[in-house]
Amino acid sequence: MSTTDTLTMPAFTAWLAAFRDRVTEQRSYLTELDSAIGDADHGANMARGMAAVMEKVEAAAPPTADELFKTVGMTLVTSVGGASGPLYGTFFLRFGMAAGAVTECDAAALSTALRAGLDGVVARGKAEAGDKTMFDALAPALEAMDAAVASGASLAEATAAARDAAAAGRDATEPLVARKGRASYLGERSAGHLDPGATSAALLMEALAEVAAS
Amino acid sequence: MSAPTRVGIVAVSHSRPLAEAATALALEMVAGDPPPIAIAAGTDDGRTGTDAVRVAEAIGEAAAGGGGVLVLMDLGSAVLSAEMALEFVADPPPVRLVAAPFVEGLLAAVVRAAGGADLDTVAIEALGALRPKREQLDDAAPDDAAPPASGAADAPPTPSAPVADGMPAPAIAEATVRNVAGLHARPAADLAQLVMASGAAITFATPSRGPVDASSPIGIATLGAGPGTVVRIAGSGPQAAATVEALRALIDSGFGEELAPGLEGEGAGAATGAGEASGASAAAVAAPATPAAAATPAPARPTSTAKPIGVSGGRVVGPIAVLVHAADEPDAAARVPEAERADARARLREAMLAIAGELQQRADRVSGQRRDVLRATAAIAADPALHRAAEALVRDDGLTPERAVWVELERTVAQYRELGGRMAERATDLRDVRDRIIARLRGVEPPGVPEREHPFVLVADDLAPVDTVGLDPDRCLAIVTEQGGPTSHTAILARELGIPAIVGATGATALADGTVVLVDGDTGELVERPDERAQATATGVITLPPFVGPGQTADGHRVVLGANVGAPRDIRRAVERGAEGVGLFRTEFCFLDRVTAPSVDDQVAAYREVFAAFPGQTVVVRTLDAGSDKPLPFLTALDEPNPALGVRGYRTARRDPAVLDDQLRAIAIAAAAERADVEVMAPMIATVGEAVEFAARARAAGLERVGLTIETPSAALVADELCAAVDFVSIGTNDLSQYTMAADRMSGELASLADAWQPAVLRSIRLIGEAGARTGTPVGVCGEAAADPALAPVLVGLGASSLSMAARGITAVGAVLSSVTLAQCRAAAEAACAAVDPAAARAAAREALAR
């Protein structure tokens with residue numbers, strides 16, 4: 001298994017494609033999760049949004065990371081419809097701005113960009129830990145990634161750590177009571193279900209780890 | 001006058017049909033030219049969803065009105081998309097995203113925007129749009145559909161709320177705060193109560209703070225609106241126009257409190273019944289306050305006092321009893337398991353309501369300022385905003401109910417402190433409410449005044465209103481607090497109870513319990529372990545035994561020394577201090593704080609309580625002395641330009657003779673049932689005709705001994721004829737001084753004029769004394785002058801055959817009289833009357849008595 005210590009433009013595109021594949025494959029599962037505590041559209045929305053993203057990106061690949069992720073963000077905003085639109089849209093817009101007009105990122109730069117994306121999500125959704133949102137998957141993922149980078153891990157190892165932490169964070173949302181979004185209207189009844197947003201965010205980290213390892 | 005700009009509205013929804021239907025519904029309310037409305041709803045392919053880019057476009061479209069843009073959203077991603085859209089709008093117009101209900105808020109906003117209202121007004125209107133529905137369903141609001149007779153008839157003339165197709169239009173008004181103290185706790189409680197009773201949704205805002213929910217007394221108080229501040233009142237829902245007008249009038253009235261210099265004139269605020277649905281006559285909202293002129297809040301006064309301040313007169317010596325309240329801080333880390341939070345919230349609510357009820361009950365049992373203060377404190381405990389916030393901490397964060405109360409009230413304390421001045425002095429009231437609620441939650445006794453066998457000087461960090469309610473003025477010699485200023489409740493209540501008090505005595509609570517101190521409430525002096533010489537200067541009750549009658553001069557001239565009684569609580573003190581009956585029984589306590597006159601039965605019960613304490617002794621009942629500084633809503637006019645010279649005292653009987661006749665009947669019934677010798681007298685008699693009329697009424701009611709008080713120069717000048725018309729007269733020296741000298745007795749600046757030692761006042765008393773002697777009519781004195789041991793012999797020399805005073809003064813006056821002869825008294829009276837000013841009169845009297 002060969003590894004690389006930077007992600008290049010093709011790798012970014014591959015990450016997005018892998019994320020699209022995952023949300024498309026798990027579309028029914030995500031929707032099922034969302035039907036328990038939301039409006040049963042997360043799977044469909046994400047699949048549609050990422051399909052639109054890949055259509056754009058594959059039609060005319062932007063040359064640098066900031067351009068690429070701006071396109072991703074804006075496309076999600078206009079095509080998703082649900083709360084994931086502005087949230088994932090903001091995530092990728094901020095990710096792109098932080099990455100800058102570059103064509104590749106090492107682990108540290110990637111971590112910085114991801115952090116900027118998460119900060120954007122927090123600013124947009126005003127979510128905190130334990131609110132049963134995508135934050136609960138992304139925040140531990142970035143912490144794990146930073147810790148791995150700090151201890152000299154490779155990009156593949158760091159993103160794998162992030163993937164595992166995201167999955168654990170996702171699983172930890174099950175007993176929580178939702179405090180944000182439409183699920184919050186369910187109050188106590190939202191407990192006992194995985195959060196769909198945290199689940200799709202874990203898929204995003206899975207996709208990243210897969211690309212970094214290939 | 002058509003508005004030059006219009007506020008545009010953006011409707012953001014998941015569903016395009018929903019947004020279109022809601023918009024159509026709103027437009028049905030608009031008869032004229034609608035404001036720009038843009039919809040951002042659903043996705044391009046007709047699905048459910050929102051799109052931030054489309055919201056940004058819609059904001060651009062709605063901005064065409066030039067008056068800014070209000071964005072209403074349904075839920076979830078609509079909110080996120082609207083927020084995100086702001087990042088996409090280049091060169092944005094003023095935009096407000098409001099957390100208003102989508103359909104109702106859209107309706108309200110479109111109507112208001114069509115009327116030409118500004119962005120703030122439209123936003124406030126939208127935010128309050130749920131209120132009518134909530135109240136309808138909670139059944140909390142007065143029935144709007146009731147026949148108009150009840151509310152409309154007695155309402156002041158107000159600009160009637162314009163109604164468009166059954167929807168009450170909002171009302172806006174501005175009022176300038178005019179009372180010196182501003183919107184502190186008591187006015188805030190009054191305002192909030194009015195709002196809650198009305199059912200209207202009202203917000204208050206000042207140029208620098210708010211808007212706040214006007215049903216929340218704490219919210220109102222945190223505006224920190226001092227004198228001169230312009231308060232913007234915005235209302236919607238049932239009764240909005242009338243409520244806004246009533247609130248404006250109440251604020252403009254200054255709440256019956258002292259008005260700030262320069263703000264005594266007519267209120268500047270004017271209601272503008274805004275919001276005609278037709279665009280043609282859209283004059284609408286009052287202009288924003290002119291920035292520099294009226295809008296600046298008064299600078300907060302520093303609350304910390306560098307040295308102790310005497311706030312209630314008197315000089316006493318006694319051992320201290322330290323009161324330290326404050327509940328222990330509840331554990332911040334404790335969490336309520338989710339399953340138990342509903343129960344915890346219920347307990348919290350129960351405790352808050354119980355304390356509110358308890359405080360209100362205590363308020364109902366007392367009168368005057370103490371009642372106002374307790375009512376304001378009860379209103380804090382009942383504040384709906386406080387309940388919501390505290391319960392949210394339990395529900396969302398799992399705090400214990402105790403901790404939630406602690407956190408929320410500490411937050412409010414910090415806000416009050418930041419506001420400074422009088423608000424900061426109310427911090428104690430908030431902490432008292434907090435500690436009481438926590439004590440109830442913990443099932444322990446609430447904090448309070450220590451129990452002591454012997455009289456004591458109460459020392460505390462600060463006193464809460466409730467502490468002072470249970471305070472026995474006989475046991476409590478004086479009050480010393482570390483906190484508080486001249487306007488704190490401690491000061492107000494101590495003055496009312498006649499207890500010497502000092503505030504700002506830093507370090508006092510560190511003194512050991514039982515330490516003997518000398519307290520001077522006039523000078524602020526606080527002496528720890530005073531020596532014998534210092535102790536001898538004290539005049540407080542602890543140094544003097546009760547009076548043992550009969551009152552007489554050294555040569556046996558009889559002078560009856562009675563007590564003034566203003567409420568049943570004064571009875572025991574009067575008896576214990578050895579009073580020879582009651583020379584002045586003020587009956588106002590039965591009537592104050594009521595909206596209608598008390599029933600005859602209620603009055604009989606109250607009077608009997610007093611009469612029963614003095615079997616075989618004389619009790620002189622003064623009939624209701626309302627008006628001036630004691631207004632009664634059912635009897636006296638509120639709009640007199642000069643109430644001290646207005647319809648007060650006996651004069652109110654002209655307006656409503658039935659109140660007086662009922663009272664006379666009640667006094668007669670009570671007198672027949674008890675063994676006291678009951679006499680009755682009327683206040684503020686100015687003419688012989690009034691005296692004759694009153695005597696006839698009183699005798700018709702079955703009362704035998706009838707008299708009157710002499711408080712006006714006119715009465716003094718016709719004293720012979722008055723004495724002939726009645727069985728006795730009693731001189732009210734406070735008012736007689738005020739009217740003789742034409743100097744307001746409440747004015748500190750004029751205190752040296754409104755002084756019974758003024759030769760002109762003494763000569764007036766002499767006229768009355770001479771008339772009494774000529775006609776064989778007993779002349780009493782029942783003002784504060786009677787309690788002045790130096791003046792008492794002079795009054796006797798002028799012809800007074802009885803003196804009535806606050807019970808604590810009887811011993812000293814009795815001792816002085818027993819040491820002088822009637823001849824000395826007469827010589828002192830002559831010398832004082834001949835003097836040129838009060839100081840010379842005192843000196844002359846002292847010299848004559850020493851001879």
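Two residues are taken to be in contact if their C-beta atoms, placed from the backbone, lie within 7 Å. By that criterion, 15 residues of chain A are in contact with 15 residues of chain B. The model scores ipTM 0.78 and pTM 0.40.

**Side of chain A that touches chain B**

- Helix H4 (65–79), helix H5 (84–99) and helix H6 (107–125) of chain A each contribute at least two residues to this side.
- H5(A) gives the most, with 5 residues.
- By residue class, the side comprises 5 nonpolar, 8 polar and 2 charged residues.

**Helix pair in chain B**

- Helix H13 (residues 384–397) and helix H14 (residues 401–419) of chain B have axes that come within 9 Å and cross at roughly 130°.
- H13(B) is therefore oblique to H14(B).
- The crossing of H13(B) and H14(B) is right-handed.
- H13(B) makes the contact through B:Leu386, B:Ala389, B:Ala390, B:Leu393 and B:Val394, and H14(B) through B:Pro401, B:Ala404, B:Val405, B:Val407 and B:Glu408.
- The residues of this contact divide into 9 nonpolar, no polar and 1 charged.

**Confidence in chain B**

- The average pLDDT of chain B is 81, and 83% of the residues score at least 70.
- Residues 139–168 of chain B have pLDDT below 50, and this stretch has 44 contacts in the model beyond near neighbours in sequence.
- Over residues 266–306 of chain B, pLDDT stays under 50, and the model has 116 contacts beyond four places in sequence for them.
- Where pLDDT is low, predicted coordinates should not be read in detail.

Technical notes
Residues are numbered from 1 along each chain as its sequence is written. Chains are lettered from A and ligands numbered from 1 in the order in which they are written. This is a predicted model: local features need pLDDT of at least 70, side-chain atom pairs count only at pLDDT 80 or more; totals for chains, interfaces and linings use all residues. Axes are lines fitted to C-alpha atoms, for helices over the stretch in contact, and angles run from 0 to 180 degrees between N-to-C directions. Helices (H or I, at least four residues) and strands (E, at least two) are DSSP runs, numbered from the N terminus. Angles under 35 degrees count as roughly parallel, over 145 as roughly antiparallel, 65 to 115 as roughly perpendicular and the rest as oblique. A crossing is left-handed if the near helix is turned anticlockwise from the far one by less than a right angle, and right-handed if clockwise. Ala, Val, Leu, Ile, Met, Phe, Trp, Tyr, Cys and Pro count as nonpolar, Asp, Glu, Lys and Arg as charged, and the others, Gly among them, as polar. pLDDT is the predictor's confidence in each residue, from 0 to 100.
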